[in-house]
Each structure stands twice: as C-alpha cells, then as structure tokens.
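Please take a moment with the sequence and the model shown here. The paragraphs after them go through selected side chains and the partners they meet.

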Amino acid sequence: MAFSYTLFLALVLLFPGLCAWAGLRATERTDLLTPRPEKPNSTATLFIIALGAVAGYLLGAFAFVLQGLWCRLTGLCVAVAFDPNIYRVVFTSGRTAGQVTDLAILAWLLELALTGGGAGAFVGWLARREVVKDRWDAIDFGWLHPAVRQVKTGDAVILAYVVTNTSHEGASVAYEGIVQQLALNDDQTITMLVLSRVDRFLLRITSQGIQRVDEEHEPIAQMQLHLSEIANVALEVIESPKTDLPPVTSGRPLKLAGDAA
C-alpha cells in the first residue's frame, strides 16, 4: 500500500484513540487471565478508538481554554509568531496558523503527542474505577467473573481439575493444581491453563462410578495445558488463601464439569 499524506493525517487524528485502546489493553492485563486477541474489524475496538480520540481532543481543547483564561487573568504568557492552538489551526484550514516555523511544527506535533498520552492515561485511569471495571470484567470474563473478582482481591485461589485426552487401557491421565494463568477464546472456552503445585493421577469409569487412582509422588511445580490436550476441566474456588495453603494431596474427590473443548 502506497503511503499518502491523507493516510498520515488519518493516523495522526486517530492517535489519541489508539493510545486510549493501548491504555485499556494494558489495564485489563492480569496475572490470572491472558487477554484475548482483538477480532478483525471489531466494533468494540473501533468504539474504543473513536471514543478515545474524542476524549483526547476534548481534554486538549479544554487545556487551551484554561490556557486562554490564564493568559487573560495573569498576563504571564509569551507571544509567539504562530497560533499555538492546533485545533483552531485545523478547523480554520490553517488561516490562523501564522508563521509556520520549525518551532510551530514542533509545538503542534508535541500537542498531538501529549493529547494521545493524556487520552491513554485517562482511559487507563477510568478502566481501573470499580464502577467501570466490574462491568467490563463481566463482559470480558463472562462465567469466570465471580471467581476472577475474588482472585483479584486476594481472597481466593482457583483449583483446577483437568482430565486430558491421554488414556491407556480405559484410564485417563488427570491433573489437579492451582490455576496460575488461563486463557479464553471468543466463546469463553478455556484454551490454555497454567497450573502450579500439580498433582497427577488416573481416572477410570467403572460400573460403580468414577474411580481415582493415585500414587505417591512429589507435585509438579508448574505445568501448561493446551485446549487440544484437555478433555474436561472443572474449577473450584478456594477462599481465604491468606494463610499458607496445604500441599496438594491425593484423594480429593473429582468434580467433573462440561467438556472444555
């Protein structure tokens, strides 16, 4: 695609919105959940970029209003040969630009950069407010939202029971451990799990029900499981982890949930 001046202007005008989107993505990252990649042509992403651009330019315009009031009330302003208000220059098609000097170009570009930084910082601050964060997390995490909220506040950990696709003579390999990180797709299906302090065991389905077969061994320090390896996963929220958790031991009853795949 050939580079054009129109494309450059469009990117400059959208710069505050792109900064706002980056601020939001940086804020929503957690140690527990891996953020989903953006969808192509996502209307939600377009909305954040447009909203961030508008918010950034409102902040920038408001700053120039405050600057005008300061100059009129105190007279402590320095006269320059160009119009420092980039928005007035844009809306008047450059008729109020004055002398387009090197300093003028530097000042205008710096104003746009500060506007983008302000938009990103403002959206990041807004996304951390509880009234926004709870609603955004409910959309992003879906059915995992209550558990994620408890983990974020430090009041709980999530214990995962994972049955894998690996089997031998009717016995399936399964793992039990503390969820360190997980990822969801657009259907809010678990696509990746990172477990710590992992206990491994076998599961057999008999006429009497599900039989768990354990052996004495040391827990695995850390383990990653991908969707292609997971046949079934169940999560259990364990509250009050402020005291040291006991080591993972064998013999816990397994609670099966719907297939993860």
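**Side chains and their partners**

Asp 214 counts as partly exposed, because its relative accessibility is 27%, where buried means under 20% relative accessible area, exposed over 50%, and partly exposed in between, computed with a 1.4 Å probe on protein chains only. This is a predicted model, in which local features need pLDDT of at least 70 and side-chain atom pairs count only at pLDDT 80 or more, while totals for chains, interfaces and linings use all residues. Residues are numbered from 1 along each chain as its sequence is written, and side-chain values use heavy atoms, with hydrogens and water left out.

The side chain of Asp 214 meets that of Arg 212 in a salt bridge, at 3.1 Å from N to O; a salt bridge here is a side-chain nitrogen of Lys or Arg within 4 Å of a carboxyl oxygen of Asp or Glu. Arg 212 also forms a salt bridge with Asp 199, and the closest N and O atoms of that pair are 3.2 Å apart. This second pair links distant parts of the chain, since Arg 212 belongs to strand 5 (residues 209-213) and Asp 199 to strand 4 (residues 190-206), 13 residues apart. Strands (E, at least two residues) and helices (H or I, at least four) are DSSP runs, numbered from the N terminus. Arg 212 is buried because its relative accessibility is 17%, and Asp 199 is buried as well, with a relative accessible area of 4%. Through shared partners, salt bridges join Glu 176, Asp 199, Arg 212 and Asp 214 into one network. Arg 212 has a further neighbour in Phe 201, for it lies over the face of that ring, at 3.6 Å from the ring centre; a charge sits over a ring if NZ of Lys or CZ of Arg is within 6 Å of the ring centre and within 35 degrees of the ring normal.

How many salt bridges does a search of the whole structure find? The search finds four, and one of the salt bridges in the structure is formed by Arg 88 with Asp 83, whose closest N and O atoms are 2.7 Å apart. Arg 88 is partly exposed, with a relative accessible area of 41%, whereas Asp 83 counts as buried because its relative accessibility is 8%.

Asp 83 is found in the loop between helix 2 (43-74) and helix 3 (86-91). A polar atom of the Asp 83 side chain lies 3.0 Å from the backbone nitrogen of Asn 85. Leaving aside residues up to four places away in sequence, Asp 83 touches Arg 88, Val 89, Thr 96, Ala 97 and Trp 108, where contact means heavy atoms within 4.5 Å.

A pair of aromatic rings is described by the distance of the centres and the angle of the planes. A search of the whole structure finds four aromatic pairs; rings of Phe, Tyr and Trp (its six-membered ring) pair if their centres lie within 6.5 Å, and planes under 30 degrees apart count as stacked, over 60 as edge-to-face and the rest as tilted. The rings of Phe 64 and Tyr 87 have centres 5.9 Å apart and planes at 80°, so this pair is edge-to-face. The pair links distant parts of the chain, with Phe 64 in helix 2 and Tyr 87 in helix 3, 23 residues apart. Phe 64 is buried, with a relative accessible area of 15%, and Tyr 87 counts as buried at 12% relative accessibility. The rings of Phe 82 and Trp 108 have their centres 6.0 Å apart and their planes at 85°, so they too form an edge-to-face pair. Because Phe 82 lies in the loop between helix 2 and helix 3 and Trp 108 in helix 4 (residues 102-127), the pair ties together parts that are 26 residues apart in sequence. Both Phe 82 and Trp 108 are buried. Ring pairs also link Tyr 57, Phe 64 and Tyr 87 into a cluster.

The cysteines come last. A disulfide is a covalent bond between the sulfur atoms of two cysteines. The structure holds one disulfide, identified as a pair of cysteine sulfur atoms within 2.5 Å, and a disulfide joins Cys 71 to Cys 77 with an S to S distance of 1.8 Å. The torsion about the S-S bond of Cys 71 and Cys 77 is about -95°, so the disulfide is left-handed. Cys 71 is partly exposed, with a relative accessible area of 26%, and Cys 77 is partly exposed, with 35%. Cys 19, by contrast, is buried, with a relative accessible area of 18%.

Key: A polar contact is a pair of N or O atoms within 3.5 Å; within protein, one must be able to donate a hydrogen and the other to accept it, and residues adjacent in sequence count only if both atoms are side-chain atoms.
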